[in-house]
Each structure stands twice: as structure tokens, then as C-alpha cells.
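Here's a quick briefing for anyone meeting this structure for the first time. Take a look at the model, then read on.

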Amino acid sequence: MATVSDIGLSAAINVLTAIAFLLAFAFLRLQPINDRVYFPKWYLRGMRDSPISSGAAVQKFVNLNMRSYLKFLSWMPAALKMPEDELINHAGLDSAVYLRIYLIGLKIFVPITILAFLVLVPVNWTNDTLETMKVVSSDIDKLSISNIPYGSKRFITHLVMAYAFTFWTCYVLLREYEIIATMRLRFLASEQRRPDQFTVLVRNIPLDPDESISELVEHFFLVNHPDHYLRHQVVYNANKLADLVEKKKKMRNWLDYYQLKYERNQSTRPTTKTGFLGCFGSEVDAIEYYKTEIEKIGKEEADERKKIMKDPKSVVPAAFVSFRSRWGAAVCAQTQQTSNPTVWLTEWAPEPRDVYWNNLSIPFVSLTVRRLIIAVAFFFLTFFYIIPIAFVQSLASLEGIEKMLPFLKPLIEAKVVKSFIQGFLPGIALKVFLILLPTILMFMSKFEGLVSQSSLERRSASKYYIFLFFNVFLGSIITGSALEQLKAYLHQSANEIPKTIGLAIPMKATFFITYVMVDGWTGIAGEILRLKALIFFHLKNFFLVKTEKDREEAMDPGSICFDSCEPRIQLYFLLGLAYAVVTPLLLPFILVFFGLAYVVYRHQIINVYNQRYESGAQFWPSVHGRIITALIVSQLILIGLLSTKGFEESTPVLLVLPVLTFWFYKYCKNRFEPAFVRNPLQEAMRKDTLERAREPTFDLKAYLANAYLHPVFRSDEQDDKMSISEDVGMEEVIVPTKRQSRRTTPVQSKYDGSDTLSLPETVHER
């Protein structure tokens with residue numbers, strides 16, 4: 001059980017570590033040699049010049065302007081200065097709405113914290129219940145609901161505060177949902193032309209012995225969407241080719257490294273070993289070896305390309321279908337195409353850079369089986385992960401460590417070591433156990449077969465939140481309470497155990513305080529330092545970079561990582577709402593997290609992160625739902641606690657809160673969520689009409705011709721010529737149908753063409 005001194009030591013360690021990270025960042029970002037690490041977004045947009053390209057030799061690496069060091073904290077006001085509308089234009093709506101989640105945390109918890117400390121803390125403190133009961137406690141627990149006498153009328157204060165906190169949280173969420181829904185509609189209305197606005201992804205296309213997939217798609221949409229269909233792009237299974245391209249790229253990096261090494265020292269030729277990781281096998285000339293390997297992979301790549309072009313089995317029953325207008329695409333994406341609801345399934349196509357190409361080749365019929373397998377695997381992962389969580393909780397107990405490692409007892413009993421173990425070690429141990437979890441959950445989401453990176457991140461975020469809820473929140477409370485109160489459980493009657501649990505749950509706030517400081521304070525400060533990116537950039541810059549293009553690839557600006565960051569925010573919402581009435585002392589620590597994270601991530605979004613996609617804030621409904629879940633959980637916890645504290649008459653009054661909260665959730669879902677799921681036909685028609693009036697001669701077919709080409713079919717020359725909006729796609733020659741008559745296909749195709757793939761000329765040449 002952590003005491004005030006333990007929490008004080010943990011706070012000192014984390015505050016000093018966070019300050020050290022922030023000071024290191026403030027110093028490193030001013031050095032010219034690190035400019036591409038801390039401002040990569042501006043370089044990628046061509047809006048910043050490298051400071052090491054001119055000036056004296058020393059000034060290219062070290063900032064000698066002493067005045068700039070006096071303004072080492074200028075990045076904070078600079079991060080807050082950019083208006084939200086400008087931020088949306090600069091970084092996209094996803095980034096702007098993500099930042100609003102931190103603002104919502106501040107809007108919810110600042111008034112709640114003030115009210116809790118003015119009302120609840122004095123009510124809890126002015127009692128001596130814990131001193132008279134034989135339970136493990138500390139001075140911090142005297143500020144919690146555990147210090148209220150059994151059956152006391154003082155619980156009415158907590159009941160009233162529960163209502164106040166619920167109504168305030170719902171009010172903030174209602175206002176934010178309305179604002180964000182308006183932002184999304186305005187963003188979609190003002191957004192520049194993009195290929196996905198005109199394109200629909202069609203899956204589970206039924207096979208036909210008389211026609212190829214391409215012919216079937218063309219024929220179906222010419223018949224059923226004759227006035228709006230424009231073109232289509234069938235999907236190819238190019239996963240093996242993608243692996244070869246990636247392998248070839250790695251070989252080129254090694255070749256560049258050894259060539260640079262030889263240029264610096266031409267007295268000896270560099271060598272490498274042909275075995276595993278270059279550590280085993282025969283020793284050969286490195287440059288010649290990698291040239292040979294690249295040539296060998298190039299031949300395999302060319303053979304695989306020919307195979308894809310000639311083999312009909314390389315075409316999967318899916319296609320990207322483009323329309324002449326946004327209105328036509330909206331009608332197709334949001335309607336059922338045939339009387340059989342299991343075929344010709346349509347959905348909005350992800351934007352080209354959002355497509356996760358590997359999963360497009362997965363047969364649609366196997367998706368249900370895959371999701372069932374992952375559901376079972378996720379259940380067992382969540383269930384068995386409670387074992388390391390219980391181990392972490394044992395670290396929070398000195399008795400547990402002394403029992404596991406008895407020879408350390410003299411060292412553990414030292415005051416400073418004792419405070420370090422109970423105040424700092426549990427939080428850092430839990431964070432270490434969770435490091436690999438986002439990677440595991442993302443792999444599971446990919447196995448499910450989702451076809452866009454945004455949907456993969458949203459699905460992975462949902463899994464991560466469920467995991468954190470059951471294992472970190474409930475698991476820590478249950479296992480921690482059991483470990484700490486084990487002695488009390490063994491020496492009391494069964495009727496007294498619920499009361500002891502009611503006392504023990506609020507006391508776990510001390511563990512969560514240590515976790516918030518480690519993860520929410522030190523972790524956020526470490527995010528802005530970008531130590532990993534700094535080290536890797538300089539290693540790549542020294543060993544691999546030959547051209548400016550190589551230097552840009554070495555920058556690695558990264559992105560928000562919604563799949564791991566958003567569930568972490570939701571855990572703090574859960575902790576804050578669950579303990580607001582129970583143990584208010586936790587609230588200031590959470591406020592520090594939301595304030596610091598907002599400033600840090602705003603700076604990163606403006607200067608560093610380069611988002612891989614733009615979904616128009618489609619993740620917001622799930623964020624809103626998880627905050628509502630946290631609110632309902634906090635109400636159920638309070639109902640359970642008061643029932644164990646002899647105040648059962650409060651149960652009917654408190655049961656109204658979850659009902660009202662759920663009704664509020666359904667109201668918001670029905671009122672605002674359609675704006676995040678469907679595109680209004682009225683807006684689509686308005687935008688089409690304005691566009692035709694402004695650009696009557698615009699060639700939409702040419703614009704969409706290279707919109708959804710698998711990346712492996714693009715040559716380097718095409719990459720340089722394509723703009724961002726047309727960086728993926730492949731023209732498909734429209735071919736005539738072979739069927740002469742059928743009830744659903746009354747006419748033959750009016751287009752002429754050949755029954756061959758029409759890939760770019762560079763692909764044919766290869």
C-alpha cells in the first residue's frame with residue numbers, strides 16, 4: 001500500500017524525468033543537425049530548407065545563437081497559436097478531432113476536480129473509520145469514500161455529486177458531438193476533389209463461367225447504373241509481388257551502405273557473409289553479392305508480374321468502381337444492389353493511401369471464419385494476461401516481494417527503496433508488460449481481413465480498450481485488493497468480506513496514481529523527445545543516405561498511432577470518472593496528463609506527424625461510446641460500494657443514472673452518428689453541380705485513371721510524376737460481354753476492347 005511519502009517520491013522521479021525529457025527536446029530541436037527529426041512535416045511539404053546547407057562548418061551542426069536558447073520553451077505557445085481551422089487545413093480533420101479528445105478531458109475534469117475537492121474531500125477527511133478498522137490503509141485513503149462510517153448519512157453527498165458529475169459529463173459530450181458532426185459535414189463539403197469521393201468498393205462478386213471478373217463488373221454496372229457508371233479497376237492478388245519488391249528495396253539499402261563504405265575507404269573492398277543475418281556462411285565481396293541478389297530478385301519480380309497479367313486466378317472477386325458523380329457513387333455505396341444480399345456488396349472505397357492492399361485478396365466468404373477465430377483468440381489473450389497483471393500487483397505489495405525474494409528483505413525495508421518499490425515500480429512494470437500488446441492486437445485485426453488502415457486502427461483500438469478495461473482496470477482492482485486484504489479476508493466471517501472489498505477498491509487509487517505518472521507524465525514527455533527516431537535518422541543519414549530523396553525517406557515522421565494512443569486516453573477517462581466520487585485525489589494527476597498531452601500532441605501534429613490517411617473523423621462515435629461506457633461503469637461501481645457500506649436505500653436512486661446515461665447515448669447515436677456513416681445525397685448533388693459549373697471541361701475519367709493501382713505496379717518514374725491525389729490507380733480496358741442475352745443483361749456492351757489486362761506501359765516493358 002503506497003503512502004504519501006511513496007507517492008511523493010514517485011511524483012518527484014516522474015516530474016524530474018519529464019522535465020529532463022522536455023529540456024533535452026528543447027535543446028536538441030535547436031540544433032541544425034536535428035532539424036529534420038523535429039520538423040519533418042515541413043520538409044515533406046517543401047516548406048522548410050535545411051539549416052545545414054549554408055553557413056560555417058560548425059554552424060551546420062550546432063546552433064551558436066545564444067539568444068535562441070533563452071526561448072527554449074517557445075515551442076509551447078507556438079503549438080497553441082495555430083487556429084483550429086488552419087490546423088484542419090494543415091493536418092486534416094482526423095488530427096484536429098483527435099486533439100479535441102484531450103480538450104474534452106480538460107472540459108470534463110477541471111470542474112469535477114474543483115467541485116470534488118471543495119465538497120467531497122472535506123466530507124471524507126473528517127472521519128476516523130479506517131483507523132478503527134483492521135484493514136491495510138494509508139493517509140491517502142482517508143481522502144476516499146472508504147473513510148466514511150458504515151451506514152452514514154454523509155453518503156448523500158456522494159450521491160448528489162454522482163448526479164452532478166453525470167449531468168456535466170453528458171452536457172460536455174452533447175456539445176462536442178454536435179460540434180464535431182458539424183466539423184465533419186463542413187470538412188466534407190469544402191474538401192478538394194479526391195478519387196474516393198467517386199469510387200465504391202464492390203466485394204463478393206459472383207463468378208460467371210461466361211465472363212471474366214472485369215467483364216462481369218462492367219456489364220453489371222452498365223446495366224444497373226447506366227447513367228453514372230464511369231470505369232472500374234479489378235483487384236489483383238499481388239501479395240507475393242509486394243514481398244519481392246520489399247525484399248529488393250532492402251537489398252538496395254544494403255548495397256547503398258556498402259558502396260558508401262567503399263567510397264570512404266577504397267583501400268579495401270567491403271565483405272559480408274551469405275548466411276543468417278550476415279553472421280554465418282562463406283565470406284564474399286559485399287557489393288558484388290548484393291548486385292547479384294538484386295538482379296536475381298529483379299528476374300523473379302518480372303516473372304511474377306507476367307504471371308499476374310496472364311493468370312485469371314490472380315484476379316479476386318472484388319473491384320473499385322468509379323462513377324461520373326459523387327451522387328452516383330453515394331447511391332451505389334449506400335444501397336443493396338441485388339435481391340440476394342450476400343453478393344455485389346458495396347461500400348465506400350477507402351482513399352487510395354488508406355487501402356490495406358494485402359487484405360483485398362482474402363476471399364470474402366472466409367471473413368466470418370477469420371473473425372470468429374480472432375474473437376476466440378482475443379478472449380484467451382485477455383483471460384490469460386491476468387497472470388502478469390497479478391504479478392505486477394504483487395510488486396505493489398512489499399509482502400509479495402519479500403515472499404518471492406526473501407534475501408532482499410533487508411534492502412527492501414530501507415525507507416527510500418521501500419518508497420521506490422511502492423510508488424514507482426508497479427506503474428513502470430505494468431507499462432512494460434503492455435509494450436507489445438498493440439502490435440499483437442494489430443496483427444489480429446489484420447488477420448480479420450479489414451481493407452483499410454483506418455478501419456484496422458479503429459478495430460485494434462476497440463480490442464485494446466476492452467483489454468485495458470478488463471485486465472488493467474478491473475484486474476488491478478480485484479487482484480490488488482485480494483493481495484492487500486488477504487490477511488483480513490482470512491480472519492473474518494464471510495458476511496464481512498463484501499464490506500472489506502468495499503473499503504479496498506477505493507484504496508487502489510494509489511496504484512493508478514503511480515501508473516498515471518509513469519505513463520501519462522513521463523510517457524508523454526518521452527513522446528516529444530523522439531529518441532528512437534533521432535537515433536535511427538542519424539544512423540541512416542550516416543550509412544545509407546546518398547541523395548535528398550534518401551534523406552527524406554530516413555526522416556520517418558510517424559503518425560498519431562490511433563490504435564494505441566486513443567485507448568490509453570480512454571483509460572484515463574475511465575479512471576477519472578470511476579474515482580471522481582470514490583477517491584478524488586486521483587483527479588489532479590489526470591488533469592496534468594490531459595493538459596501536457598494536449599500541448600505535446602498539438603506540437604507533434606503541426607511539426608512532425610504525417611498522417612497516412614484521412615477518414616473525416618469516422619472514429620469519433622466509438623470515442624463517444626467509450627466515454628459513455630466509462631460513465632456507466634463509474635455509476636455501477638458507486639452503487640456496489642454504497643450497498644456494501646450500509647446505504648442500500650440509495651440503490652434505487654442511483655439506478656436511474658445508468659438508465660438516463662444509456663438513453664442519452666441512444667439519443668446522440670440516432671441524432672448525430674448518421675453523419676459519420678452515410679454521405680447525404682443533397683450535399684453530393686450540390687458539390688457535383690458546383691464543380692460542373694466551375695470546371696465544365698474537366699476530364700474525370702483521366703483523373704481517376706490511375707487512382708487505385710496497387711503500389712507494386714508503379715514505377716519510380718510514375719511515382720515522381722503522380723500528384724498526391726492520383727498516386728494510386730490502374731486503367732482497365734473496358735471489354736465487351738460474351739453473353740448474347742439473359743434476363744438481367746438485355747443488351748451487349750457498347751464498348752469495344754480486348755480481353756487482356758491493361759497495365760501501364762512501364763509494367764509491360766518490365
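Let's start in a loop: W344 sits between α13 (326-333) and β6 (345-348), where helices (H or I, at least four residues) and strands (E, at least two) are DSSP runs numbered from the N terminus. Keep in mind that this is a predicted model, in which local features need pLDDT of at least 70, side-chain atom pairs count only at pLDDT 80 or more, and totals for chains, interfaces and linings use all residues. Residues are numbered from 1 along each chain as its sequence is written, and side-chain values use heavy atoms, with hydrogens and water left out.

- W344 has a phi near 50 degrees, a positive value in a residue other than glycine.
- With a relative accessible area of 6%, W344 is buried (buried means under 20% relative accessible area, exposed over 50%, partly exposed in between, with a 1.4 Å probe and protein chains only).
- N204, in the loop between β1 (199-203) and α10 (213-224), also isn't a glycine, and its phi is positive, near 55 degrees.
- N204 counts as buried too, at 18% relative accessibility.

**Helix α7 with helix α9**
- Helix α7 (residues 93-125) packs against helix α9 (residues 155-190) at about 165 degrees, and their axes are 11 Å apart (axes are lines fitted to C-alpha atoms, for helices over the stretch in contact, and angles run from 0 to 180 degrees between N-to-C directions).
- That makes α7 and α9 roughly antiparallel to each other (angles under 35 degrees count as roughly parallel, over 145 as roughly antiparallel, 65 to 115 as roughly perpendicular and the rest as oblique).

**Helix α11 with helix α12**
- Helix α11 (residues 239-264) and helix α12 (residues 286-310) cross at roughly 160 degrees, with axes that come within 9 Å.
- α11 and α12 are therefore roughly antiparallel to each other.

**Helix α20**
- Helix α20 (residues 437-448) has twelve residues and should span 16 Å at 1.5 Å a residue, which agrees with the 17 Å between its end C-alpha atoms (the expected span is 1.5 Å times one less than the number of residues).
- The buried residues of α20 are L437, P438, L441, M442, M444, S445 and E448.
- Seen down the axis of α20, these buried residues fall within an arc of 160 degrees, so they line one face of the helix (the arc is that of the directions from the helix axis to the C-beta atoms).
- T439 and F443 are exposed on the other side of α20.
- After α20 comes G449, with a positive phi near 100 degrees.
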